[in-house]
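Student: I would like to go through this chain step by step. Please show me the sequence and the structure.

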Amino acid sequence: MMLPAPLELAGFGLLATALLLQSLSLPRSSVLAGVAAIVLAVCSGLLQPLGLLAVLLAGGLSYAVYRRPRAELQVLWIALLLALALHALPGFDNPLLWQGRATPNSEVYLLFWSFDKGVAGWLLLLGLHGAPHHGRAWGSTVAAVGGLLLVLVLALAQESGMITYAPKLPAWLLPWLFANFFLTALPEEALFRHGLQRWLENRVEPLPALIAASLLFGAAHLAGGWGWVGLATLAGLGYGLIYAATRQVALAALAHLAFNTAHLLLFTYPRPG
């Protein structure tokens with residue numbers, strides 16, 4: 001396993017700080033940390049000229065959407081953030097920390113730290129700061145139901161043979177935990193729960209909003225096949241219930257991390273080979 005160079009490590013640390021501060025609704029401190037992360041990313045070579053241009057454009061759109069949330073701006077903003085999150089834009093040198101098989105019977109796995117996806121999640125949270133939300137928190141009972149649903153998803157995945165029992169403690173667990181929370185779970189929950197589910201709840205009843213956001217989360221896993229789409233949709237319902245119960249995107253992201261960590265530590269990861 002190779003760790004990033006010190007400047008890269010500092011850049012990712014500041015980006016994680018910016019994400020955490022913004023998820024706690026501290027935008028001024030978040031902006032300071034995020035700008036410092038971008039400067040270090042440029043200095044370390046993580047962020048190259050075309051990538052910097054994309055980040056600056058996305059940052060400008062985030063500010064514009066925050067100040068004046070017009071529909072045409074929002075569409076362009078979301079499209080650019082999705083392109084960043086899906087690694088569709090050039091100018092990013094995301095470091096590869098580890099590659100191989102977590103267990104002999106699993107697929108080959110590549111552990112990247114993705115600056116582009118992390119920055120997309122951060123800018124999404126910034127643009128949504130102070131966005132209206134007309135729904136009320138559903139309470140702790142609903143959060144417990146969401147947690148139980150996530151346990152059920154793992155059981156269904158094992159029973160269907162999509163994953164198999166394979167306990168392990170990888171040497172790369174700590175960098176994986178960092179990447180999975182700050183560069184995967186938090187950006188994804190920012191999009192599907194704090195973005196899409198909240199936006200839909202302001203227009204339709206909460207239950208259809210929850211189902212629609214979960215279906216779209218499942219559809220995002222189509223590359224894994226229809227079985228993974230179904231399981232991801234159920235997992236999305238679990239995360240969505242936890243978000244609806246608490247209205248805290250960080251708690252939905254922690255649930256996402258807990259689910260993925262149980263998958264990694266107890267079962268074939270990412271799937272049988």
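Student: How far apart are the end C-alpha atoms of residues 169-186?
Tutor: The model is predicted: local features need pLDDT of at least 70, side-chain atom pairs count only at pLDDT 80 or more, and totals for chains, interfaces and linings use all residues. Residues are numbered from 1 along each chain as its sequence is written, and side-chain values use heavy atoms, with hydrogens and water left out. Residues 169-186 are 78% helix and 0% strand, and their end C-alpha atoms are separated by 23 Å.

Student: How many helices and strands does the chain have?
Tutor: Helices (H or I, at least four residues) and strands (E, at least two) are DSSP runs, numbered from the N terminus. Along the sequence they follow the pattern α-α-α-α-β-β-α-α-α-α-α-α. The count is 10 helices and 2 strands.

Student: What percentage of the 273 residues is buried?
Tutor: Buried means under 20% relative accessible area, exposed over 50%, and partly exposed in between, with a 1.4 Å probe and protein chains only. By this rule the buried share of the 273 residues is 49%.

Student: What share of contacts between residues at least 6 apart in sequence joins residues at least 24 apart?
Tutor: A contact means heavy atoms within 4.5 Å. Taking contacts between residues at least 6 apart in sequence, the share joining residues at least 24 apart is 76%.
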